[in-house]
Amino acid sequence: MAEGNYSVTPWEVKGKVDYDRLIIQFGTQKITDELRQEIRSIVGDMHPMLRREIFFSHRDLDLVLKDWKAGKGFFLYTGRAPSLGMHIGHMIPFIFTAWLQQKFGVNVYIEVTDDEKFMRNQDYTLDQTRQWALDNILDIIAAGFDPDKTFIFQDTEYIRNMYPLAIKIAKKLTFSEVKATFGLDVSSNIGIIFYPSLQIAPTMFERRRCLIPAGIDQDPYWRLQRDIAESLGYYKAAQIHSKFLPPLTGPEGKMSSSIPESAIYLSDDPKTVERKIMKYAFSGGQPTIELQKKLGANLDIDVPYQWLYYFFEEDDDRIRKIGEEYRSGKMLTGEIKQILVEKLNTFLERHRERREKAKELVKEFKYEGKLAVQMWQKIHE
Ligand code: TYM
């Protein structure tokens, strides 16, 4: 969907996204302060990603909270198209989903689309995308999900249980709708044309409202879901959308696995992190120390500041102080980069410890945990 000089689709994000305008374009709702306070009043605190508005937009989040208060509950659903190595931006929806699960105690379904990735790229083999799925699942588990209330599944394994539901969804969607929504054409392979029904199916895993935390790039799937869900006897899916962590190289677009200098991978060692930040992190600071001291930095375009603000510096007083000092020129570019390097390395070290422990939990999440056992017994109709 091109608008102004940016565009946001499930395959790519280009330009500097105007998130307020995106809300109007996509027909979603801004998360108001009132809604944030309501969440706080229910769960007792507020995740920094909500407070700092990296999760900024929603559909029917108010209805989810209403259902919750009325004792009807809800469930969470999110997903990942596996690739060779996840980057830090990919962790945003999983960290936030795990927090929501901890606070509300609800079920979480995580779809790992080894099929989607295989069909979307001519160069990938199915063996590769399945292997990446297994690897990425370790990073996902490391976000901190409850093994008895979380089901992680790969499409190529769980398809038998989803297929009846998927074909009911598929029958409601026409090629022309899917074509227009995803920009496909007659040369697209037919797997990709059918695929949206598989991304929609998990929204109907329970007869309660489904809340999807994800980047706003996934929104086109949910628009199709909302057109057809009620006719199949399910709720329209609710969403809570995040902004994108900008690439290291500048404030435009999103961090992308396919451009190594734009991303910090979860597997990057401390030296690599330091080298990448020092060399590539796009700075809103001035070109010389003298000018920086005199004029200060532009925080709007400064990537190290934005990463700290959105993700890595949770302390409100500290981020305010960093912002003030850097904007006024008291802090230099090298200094803010060093703060980010330390924060990133601490995060990555902890992540890798959790990832190691995750190796023992894979079976629980995929097959043997309480929810997983129930799911393998179910054929979704
Ligand atoms: P995928 O693998 O492209 O992305 C996985 C999740 O990560 C989000 N994301 C980002 N968030 C913040 N900053 C970034 N730089 C960034 N890059 C990616 C995406 O928005 C997404 O939430 N088709 C899906 C897989 C899928 C799915 C789902 C995603 C299947 N079912 C349900 C969300 C919810 C995909 O290709 O995601």
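1. Basis. The model is predicted: local features need pLDDT of at least 70, side-chain atom pairs count only at pLDDT 80 or more, and totals for chains, interfaces and linings use all residues. Residues are numbered from 1 along each chain as its sequence is written, and side-chain values use heavy atoms, with hydrogens and water left out.

2. α9 with α11. Helix α9 (residues 175-182) packs on helix α11 (residues 219-228) at an angle of about 150°, and the axes are 10 Å apart. Helices here are DSSP runs (H or I, at least four residues; strands are E, at least two), numbered from the N terminus. Axes are lines fitted to C-alpha atoms, for helices over the stretch in contact, and angles run from 0 to 180 degrees between N-to-C directions. α9 and α11 are therefore roughly antiparallel (over 145 degrees; under 35 is roughly parallel, 65 to 115 roughly perpendicular, the rest oblique). The crossing of α9 past α11 is right-handed, that is, the near helix is turned clockwise from the far one by less than a right angle, with anticlockwise being left-handed. Glu177, Val178, Thr181 and Phe182 of α9 meet Pro220, Tyr221 and Leu224 of α11; contact means heavy atoms within 4.5 Å. By class this contact has five nonpolar, one polar and one charged residues (nonpolar: Ala, Val, Leu, Ile, Met, Phe, Trp, Tyr, Cys and Pro; charged: Asp, Glu, Lys and Arg; polar: the others, Gly among them).

3. α10 with α11. Helix α10 (residues 190-200) packs on α11 at about 75°, with the axes 10 Å apart, which makes α10 roughly perpendicular to α11. The contact joins Tyr195, Pro196, Gln199 and Ile200 of α10 to Tyr221, Trp222, Leu224 and Gln225 of α11. Six of these residues are nonpolar, two are polar and none is charged.

4. α14 with α16. The axes of these helices come within 9 Å and cross at roughly 35°, in a left-handed crossing. From α14 the contact takes Pro304, Tyr305, Trp307, Leu308, Phe311 and Phe312; from α16 it takes Ile336, Lys337, Ile339, Leu340, Lys343, Leu344 and Phe347. The classes are 11 nonpolar, no polar and two charged.

5. Second largest pocket. Its space is about 500 Å³. On a 1 Å grid over the protein atoms alone, a pocket is an open set of points with protein on both sides within 12 Å along at least five of seven lines, a cavity is a set where a 1.4 Å probe fits but cannot get out, and lining residues have an atom within 4 Å of a point. Of the 21 lining residues, Ile95, Phe311, Glu314, Phe347 and Arg350 are the closest to the pocket centre. α3 (48-51), α5 (88-104), α14 (303-312) and α16 (333-358) each give two or more residues, and α16 has the largest share, seven. The lining has 11 nonpolar, five polar and five charged residues.

6. Cavities. A volume is the space filled by probe spheres set on the grid points, which are joined across faces, edges and corners. Residues lining the largest cavity include Ile39, Leu50, Phe74, Leu211 and Ile240, and α4 (61-69) and α5 each supply at least two. That lining has 11 nonpolar, no polar and no charged residues.
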